[in-house]
Amino acid sequence: MLIRSKIILNLFFFIAVVLIIGLGFFYLNKEQFRYYNDYNGYVQMRKSVKDISDIFSEQIQAYDYYMYLNEDSERYNFIEKKEQITLLIDNDPIFELKKMRELKEKLVFLNAQFLKSFNIVQRKGRAAAIQETEKEIISMIAQTREVLGNQLKELNEKIEVSKNVAESYKNRTLNLLVVFFSIGVLIIAVFSFNLYRTITNPLRKVENAARILGQGNLDYQIKIDENNEFSNIADSFNKMVKDLKEFHLKITQMGKMAAVGELAGGVAHEINNPLSGVLGHTQMLLKRIGEKSEVYPALKKIEHAAIRCRNIVGDLLDFSRQEKQEMKKQSINKILEDTFLLCENEIISKNIQLNKDYAPGLPDILVSPRTIQHAFLNIINNSILAMPKGGALTVSTGIAQVGGATYLEVKFRDTGVGFDAETATHIFEPFFTTREVGQGTGLGLSLTYRIIKTHKGYIKGESDGPGKGAVFTIQFPV
Ligand SMILES: Nc1ncnc2c1ncn2[C@@H]1O[C@H](COP(=O)(O)OP(=O)(O)O)[C@@H](O)[C@H]1O
Ligand SMILES: [Mg+2]
């Protein structure tokens with residue numbers, strides 16, 4: 001999974017956890033609030049009922065004083081209390097409630113009774129009023145008191161219960177909150193740890209790889225199992241290491257070539273003259289003593305060795321030659337034909353079939369024909385040596401497009417012994433040879449490489465493996 005997706009997922013979980021905790025908290029708080037609301041409502045109710053009950057007692061007292069103790073002034077007191085009760089009953093919304101209806105009715109009814117009783121006092125006097133209404137009023141008062149008492153008792157119970165419920169909700173809210181929070185933190189911790197690991201593990205690998213690379217190991221490759229941004233980095237890193245290795249090889253080769261060029265220039269020059277003397281005198285002696293002489297075979301060996309040395313020195317001198325060659329526009333097909341004039345006989349005598357596949361109408365290119373022939377000869381000689389039991393050598397020319405540029409291409413394909421991947425990385429190095437001691441100098445291909453480079457061209461040698469032949473491809477800019 002991509003690290004970007006992981007971070008987004010992590011964030012998403014984080015938000016989800018916060019939301020769940022928030023919503024849970026909100027819900028529980030609301031419930032708790034509802035029970036507290038009930039509690040407050042009951043407390044309010046009890047206060048109203050208590051107020052009514054107090055005023056009611058005072059009202060009864062005023063009535064008693066007026067009726068039984070003949071205190072006329074208490075009549076106003078009584079009326080005041082009655083007004084207060086009516087006001088409360090009419091305006092306090094609590095008395096709109098259904099369960100308060102009975103109390104309300106009782107109070108209204110009782111007041112009506114009181115008024116009736118006062119009327120009788122006015123018309124017939126106190127004694128008559130007491131006689132006519134006392135019995136009913138006393139029973140009504142008792143009933144009202146009972147209703148008031150019951151209401152208060154009931155409200156007290158309700159207050160107690162709602163208080164307990166609200167409190168238990170509060171505890172539950174807290175507990176749940178702690179649980180939610182712990183689970184949330186745990187989930188986030190697990191996710192974050194996972195994210196941390198997906199980042200730090202590959203980072204450590206990259207760091208390690210950079211260290212190993214720094215120690216000069218250009219074969220190290222980073223392995224990252226997951227498929228994310230880091231695997232892309234690892235791929236880039238691995239490619240970089242591979243390029244670096246190739247580059248390193250090229251630099252080494254260039255360095256070697258430059259060193260050999262310098263060395264060869266000096267040494268070959270010094271050796272060439274005495275070597276010519278040795279060869280000249282040996283050949284003169286050979287002629288003079290004739291084949292029958294007993295020293296003839298030894299002298300012949302000296303001549304052979306001297307010729308070989310002269311060839312090597314010649315190669316070295318070619319290799320180190322820096323002077324400008326004579327450049328002219330020429331057809332590549334013609335240069336190839338001129339080259340085969342020099343070696344076609346040898347090819348045929350080695351039982352090698354020569355196939356020529358020249359593309360017609362190729363443009364002429366600016367070259368030094370003599371050195372290019374030399375380069376081609378080196379490649380052809382190697383092919384001949386690679387096919388000791390015969391085979392086929394196919395030479396083809398054509399046009400190749402590489403990265404938008406046009407090149408003239410020459411391919412030499414043989415069916416010889418080929419080479420392995422390790423050898424392929426060294427074939428253009430000076431003095432690299434797989435031939436037996438005394439058989440090869442290892443200078444042929446490096447010289448060819450140098451010649452092609454001075455023509456701003458490219459050369460590569462490929463083989464599918466030992467026994468599978470080889471292909472040398474040369475490209476000249478057009
Ligand atoms: N056509 C080929 N087939 C197989 N191996 C080849 C071929 N051309 C070159 N090589 C390999 O490249 C090596 C270097 O070649 P070269 O530079 O010409 O030096 P030399 O021929 O003196 O060995 C050879 O020793 C051989 O191993
Ligand atoms: Mg060679």
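1. Strands β4 and β5 form a hairpin with two residues between them, and in that turn glycine 403 has a positive phi of about 55°. Strands here are DSSP runs of E with at least two residues, helices are runs of H or I with at least four residues, and both are numbered from the N terminus. This is a predicted model, in which local features need pLDDT of at least 70 and side-chain atom pairs count only at pLDDT 80 or more, while totals for chains, interfaces and linings use all residues. Residues are numbered from 1 along each chain as its sequence is written, and chains are lettered from A and ligands numbered from 1 in the order in which they are written.

2. On its other pairing, β4 (residues 391–402) runs parallel to β2 (residues 352–357) over six bridges. Threonine 394 is the bridge partner in β4 of asparagine 355, and the bridge partner of threonine 394 in β5 is arginine 413.

3. Strand β5 also pairs with β7 (residues 470–477), in the antiparallel sense and over eight bridges, and phenylalanine 412 stands opposite phenylalanine 472 in β7. The open sheet has five strands in the order β2-β4-β5-β7-β6, with mixed pairing. Because β2 and β6 (458–462) stand at the edges with a single partner strand each, one side of each is left without a neighbour in the sheet.

4. Helix α5 (residues 229–289) packs against helix α6 (residues 296–320) at an angle of about 155°, with their axes 8 Å apart; the axes are lines fitted to C-alpha atoms, for helices over the stretch in contact, and angles run from 0 to 180 degrees between N-to-C directions. The two helices α5 and α6 are therefore roughly antiparallel to each other, a term used for angles over 145 degrees. By class, their contact has 20 nonpolar, six polar and three charged residues; Ala, Val, Leu, Ile, Met, Phe, Trp, Tyr, Cys and Pro count as nonpolar, Asp, Glu, Lys and Arg as charged, and the others, Gly among them, as polar.

5. Ligand 1 is surrounded by 22 residues, of which the closest are Asn382, Thr433, Gly440, Gly444 and Leu445; a residue counts as near if its C-beta atom, placed from the backbone, lies within 6 Å of the molecule. The largest share of this shell, four residues, comes from α8, and by class the shell has seven nonpolar, 13 polar and two charged residues.

Technical notes. Angles under 35 degrees count as roughly parallel, over 145 as roughly antiparallel, 65 to 115 as roughly perpendicular and the rest as oblique. Two strands pair if DSSP finds at least two bridges between them.
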